[in-house]
Amino acid sequence: MTHLRSIALFVICGMFALPAAAQKFEGLAKTPQLGWNSWNKFACNVNEQMIRETADAMVASGMKAAGYQYVNIDDCWHGERDARGFITPNKEHFPSGMKALADYVHSKGLKLGIYSDAGWKTCGGKPGSRGYEYQDALRYAEWGIDYLKYDWCNTDGLKAEGAYLTMREALRKAGRPVLFSLCEWGDNQPWNWAKDVGHSWRTTGDIYPCFDCVEDHGTWKSWGVTYILDKQEGLRKFAGPDHWNDMDMLEVGNGMSVGEDRAHFTIWAMMNSPLIAGNDLRSMSKETAAILTNSSVIAVNQDAAGIQAFRYAARDGVEFWFKPLALNEWALMVLNRNKESRPVTFDWKTESVVDELSKRDAAFDRTRYQLRNLWNGQFAGSTAKPLKAEVGGHDVLVLRLIPNK
Ligand code: GLA
């Protein structure tokens, strides 16, 4: 009798059990996402005309052909919530509405991204998603949104993991596949819990368009390129296909020198960071366009093995970073942090480049590699002879190592 009663109880409880939690939309970022975002250049000055023109420029500049896909509107697109709590876009800046804008972006073969925040308000003081997660996700799905960057301002009393999980569930229930980009600046170590929540997580505070400066805003700081790089220490083991360390959006074309922009872009590529351009695509210089569309460097970022680079050696402000690639190839970035150019030598045969994480051994003593310089596209000899090069100040040399068959 007791036995029967417990079976009955078990059955009844089973009937009321919560459905299993949904999963993130898997496979949307098997390689790091490529796109553009409005914030770095335009801050709160966003409108539909500029977004349409950016989509046009993404195609015309060759960026789409190079793999860029997402056109992302950052903060301040918002109007008010309606009487039932649904969010509306700012009517003055987005008079045609988000659905029409998404249709336009889709007609170019691109995808549209949007921005919200886990707190009551966004960082720009617009309505946040707290308490409205399911409504917001439904609306984004109706509009045809493909990407959500989800920020972390004004989140007093919230736990990051729970807040981001709520939005993941909401997006999943709304049913339209959305790449979920977590932006909580690394404050709550998202690398420890976000693998199954989103497709990438910011590891740091905001970037600043300089090579190695820190910009102090009083209550917060933003960071130059090398500062962001240094904050990635210890994080490579957490990233991989569909879950990337996000070093923030690019500042290529926003004021650094061409060499610095090239170094910045190469570092982000080597580190498997999402490559999200942050400049005005409609008026960029030839040099900026050439950096953003360098398909050989993009290929390092998009490599199927999905293994982030590691620093192998640092000598006199010059660093050697290696990235294991698919098919036993490697990428080598020589980063010169000095202001002045430096002669560099690297005697392959005496170096032992082994990656404990991926269990890869370059075995330069037994394997000969052909070298291709990814910025000028030229073959640059092989590992039979020591590498000798001059690397400009605040610049990089990046080589692809292709083993002899
Ligand atoms: C935060 C984010 C930025 C940007 C702004 C918008 O600072 O980290 O990337 O989205 O908010 O207000």
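User: Hey, which pocket does the ligand take up?
Analyst: The largest one: the ligand's space is the largest pocket. Keep in mind that this is a predicted model.

User: OK. How many residues surround the ligand, and which are the closest?
Analyst: There are 13 residues around the ligand. The closest are Asp-74, Asp-75, Lys-149, Asp-151 and Asp-206.

User: And how does that shell divide into nonpolar, polar and charged?
Analyst: You get 6 nonpolar residues, 6 charged ones and 1 polar one.

User: Back to the aspartates. How far is a polar side-chain atom of Asp-206 from an oxygen atom of the ligand?
Analyst: That distance is 2.5 Å for Asp-206. Asp-74 also has a polar side-chain atom 2.7 Å from a ligand oxygen, and for Asp-151 the corresponding value is 2.8 Å.

User: What share of the ligand does the protein bury?
Analyst: The protein buries 93% of the 300 Å² that the ligand exposes when taken alone.

User: Switching topic: which domains is the protein divided into?
Analyst: Domain 1 covers residues 34–301, and domain 2 covers 310–403.

User: What separates their centres?
Analyst: Taken over C-alpha atoms, the centres of domain 1 and domain 2 are 31 Å apart.

User: And how many residues does the contact take from each domain?
Analyst: Domain 1 puts in 26 residues and domain 2 puts in 23 residues.

Notes:
Residues numbered from 1 in each chain as written. Predicted model: local features only at pLDDT ≥ 70, side-chain atom pairs only at ≥ 80, totals over all residues. Heavy atoms only, no water. Near = heavy atom within 4 Å. Polar contact = N/O pair within 3.5 Å; in protein donor to acceptor, adjacent residues only side chain to side chain. Areas by Shrake-Rupley, 256 points an atom, 1.4 Å probe, with all protein chains shown as cover. 1 Å grid on protein atoms, 1.4 Å probe; cavity = no way out; pocket = protein on both sides within 12 Å on 5 of 7 lines; lining within 4 Å. Sits in = over half its atoms within 2 Å of the grid points. Nonpolar A, V, L, I, M, F, W, Y, C, P; charged D, E, K, R; others polar. Domains from an automatic or database assignment. Contact = heavy atoms within 4.5 Å.
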